[in-house]
Amino acid sequence: MKGKFEFKVNKGGNVFWGILFLLGAAAFLVSKLGILEGIGFWSILFTIGLAGIFLNGLVKRSFGQMMFSLAFMVIVNDEFLELEAITPWPVLGAALLGTIGLNLLFPKFHRTKSYKLIAGGEHRVGDTVSGGDVFYENAFGSTIKYVVGEISQVRVDNAFGAMEVYFTDAVLKEHAARVYVDSAFGKVTLYVPRGWKVVNNVTRAFGAGYSDYENNSQGENTLYISGDIAFGALMIHSV
């Protein structure tokens, strides 16, 4: 139809940085209105950008990126926060020592596989199947996965999105399989056959978990679930 206007959101575009630029536009207007006394436009803009870098480091599981982005946020806003006494070198030194300490305390926190397009905020979905090993990844979107055939190990990586994984058509190699779930700022839902036994050893940091699975099965099949949930949720349902 002539003159018809359609508005479509580019789900595969740079949603993450697009939101940051919109926040930057809002910061420009706020600074001109004088609502936030003592905070300049450039301080707000740099803080928004550094917050984006911090979230990107959280998704990548990089302690260094997270610690130094926080340190530079303190440096940029030291006058407003009245923290001039610890900037710049003391706070940078603390970020360095904090990075080393966290890496020593949590050596397994890093992702084994990185998101190549995560900095652009793209909706990324990827599958890798090798023998009985399956790898699913999802970022900035939602997806549904169906595990089919014989499996021994399933890796689920989810960031800023929602993922549903169905095991109803899967066959466990030697009646057992391991599922590793890493999720940051997102929700992962696992659908497990009612006759399977589930052993849940997932670690949660500011995350939630829910299960309606009745773990009293006497069957041969066992699913061992481990991993990390940060600012998100893991749900386990029996089907």
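At what angle do the axes of helix H3 (residues 63–76) and helix H5 (residues 89–105) cross?

## Model and confidence

This is a predicted model, in which local features need pLDDT of at least 70 and side-chain atom pairs count only at pLDDT 80 or more, whereas totals for chains, interfaces and linings use all residues. Residues are numbered from 1 along each chain as its sequence is written, and side-chain values use heavy atoms, with hydrogens and water left out.

The protein chain has a mean pLDDT (the predictor's confidence in each residue, from 0 to 100) of 75, with 68% of its residues at 70 or more. Over residues 4–14 the pLDDT is below 50, and this stretch has nine contacts (heavy atoms within 4.5 Å) beyond near neighbours in sequence. Residues 112–126 also stay under 50, and for them the model has 54 contacts beyond four places in sequence.

## Helices H3 and H5

The two axes, lines fitted to C-alpha atoms over the stretch in contact, with angles from 0 to 180 degrees between N-to-C directions, come within 9 Å and cross at roughly 160 degrees. H3 and H5 are therefore roughly antiparallel (over 145 degrees) to each other.

Residues making the contact include Phe63, Met67 and Phe72 of H3 and Val91, Leu96 and Leu102 of H5. By class, the contact of H3 with H5 comprises 13 nonpolar, four polar and no charged residues.

## Leucine 234

Leucine 234 lies in strand E11 (residues 233–238) and is buried (under 20% relative accessible area, with a 1.4 Å probe and protein chains only), its own value being 1%. Its C-alpha atom is separated by 5.9 Å from that of lysine 187, 47 residues apart along the chain.

Definitions and conventions:
Helix = DSSP H or I, 4+ residues; strand = E, 2+ residues; numbered from the N terminus. Parallel < 35°, antiparallel > 145°, perpendicular 65-115°, else oblique. Nonpolar A, V, L, I, M, F, W, Y, C, P; charged D, E, K, R; others polar. Buried < 20%, exposed > 50% of the residue type's maximum accessible area, 1.4 Å probe, protein only.
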